[in-house]
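Subject: A structure for you to look at

Hello,

Here is the structure I promised to pass on. Please open it and keep it beside you while you read.

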Amino acid sequence: MSLCEGRVAVVTGAGRGLGRAHALMLAKNGAKVVVNDLGGEKDGRGQDIGPAQGVVDEIITAGGQAVANGANVADWQQAQEMIEQAVDTFGGLDILINNAGILRDKMLWNFSEYDFDAVVEVNLKGTFAPLHHAANYWRLQSKAGNTVDARVINTTSSSGLFGNLGQANYASAKAGVASMTIVAALELKRIGVTVNAIAPRAESRMTAGLIEQNEEQFARRNPDYVASLVTWLASRESSDITGRFFEAWGGGYAVLEGIRHGAQTEATLDDPASLGEAIHRIVRHSQTPSHYNRGQFYDI
C-alpha cells in the first residue's frame, strides 16, 4: 500500500481516537508521520507524551517511520517548532492533518469564560497556528522554485455546520474552522496546496457515551472509515479537490454543501413594519435549513 509513499505528514491530536487512526493509516500507506498529541484529558487539562509515543511505537513496529511531538497546537511557537520538526526529521512537509480538539459541553447559561475560551483556543487557534506555519513553509518552497504538492485536511464538525445543543463553544470553533478552510483553499491554491475539511462521525474518547447506538451503528463509527478518506485526500491523487467539506463515517462519504443564496425581496429604507409579509414569503420559498431536519427546530 503506497498511496502516500514518501510523503511527510503532521497529524495533530494523534495519540488517541480519530487522530491515531489517521496516523496509522497514513503510515500504512507509506507516509512518514509526526504524531502530535499534548496528551491531556478530553477537556484539555493535563499533559503526557505517552499517547503520542505509543502510536509512534506502533508505526515503527509495523515497519513505518514516525516521531512523537508533544506540542500544544494553540501555542504559536510550539506549533512552529512542530512543523520544523517534520522538515528537520524527514526533509520536508506534504500533509497537515488538523485533528486536535477538546470538549467542554454546557448550556449557554452555565458556561464560564474559561470554558468558552479554552475550547475555541484549542479547536480554532489550534487549527490556525499549524496551518499558518505550514503555509509559510510551502510559500517559501514555491518562491524558491520548488514544486509544491501539499494537502491540508482540517476537522470541522456537524455541530459547527448544523448546530448542537450544549456546544456553543465547540460549534463556534468548528464553524470557524469551516470558514478558515474556504479562505485557506483560496489563498493556497496558486502555490500547489489543497485545503479540505472533514465532519467525522467516529467513536472516540470525545464522543463516548454521548449517543445511544446498537452494535451495527457502533461498527459504522469505526475511525478507520474516516481515516481512509483522509488518507486519500492526503495523497497526490486528490490534487483537483479543494475547498470542500466531507461528512465521513461507515455509512458513507458525502459532500456537504454550504450556504446558498435563497429567495429575495425588495429592501426598504424607512418602513420596517412593511416587511412582515415579504420576509415570511421569502422564508417559505427558500430551502429548509439542514439544522431544522435534526429535530431541534420547527418549521415556521
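Below is what was found in it, starting with the inside.

This is a predicted model, in which local features need pLDDT of at least 70, side-chain atom pairs count only at pLDDT 80 or more, and totals for chains, interfaces and linings use all residues. Residues are numbered from 1 along each chain as its sequence is written, and side-chain values use heavy atoms, leaving out hydrogens and water.

The largest nonpolar core has 29 residues, and L26, V33, V35 and I59 have the most contacts inside it. (Such a core is a set of buried Ala, Val, Leu, Ile, Met, Phe, Trp, Tyr and Cys residues joined through side-chain atoms within 4.5 Å; buried means under 20% relative accessible area, exposed over 50%, and partly exposed in between, with a 1.4 Å probe and protein chains only.) A second, separate core of 28 residues includes I83, A86, A134 and V193.

Now for the charges. There are six salt bridges, each being a side-chain nitrogen of Lys or Arg within 4 Å of a carboxyl oxygen of Asp or Glu. One of them joins R20 and E58 (2.9 Å, N to O). R20 lies in helix α1 and E58 in helix α2, so the pair ties together parts 38 residues apart in sequence. (Helices are DSSP runs of H or I with at least four residues, numbered from the N terminus.) R20 is partly exposed at 31%, and E58 is partly exposed at 35%.

In another, R151 meets D149, with the closest N and O atoms 2.8 Å apart. Here R151 is buried at 0%, whereas D149 is partly exposed at 26%.

Enjoy exploring!

Key
Helices (H or I, at least four residues) and strands (E, at least two) are DSSP runs, numbered from the N terminus.
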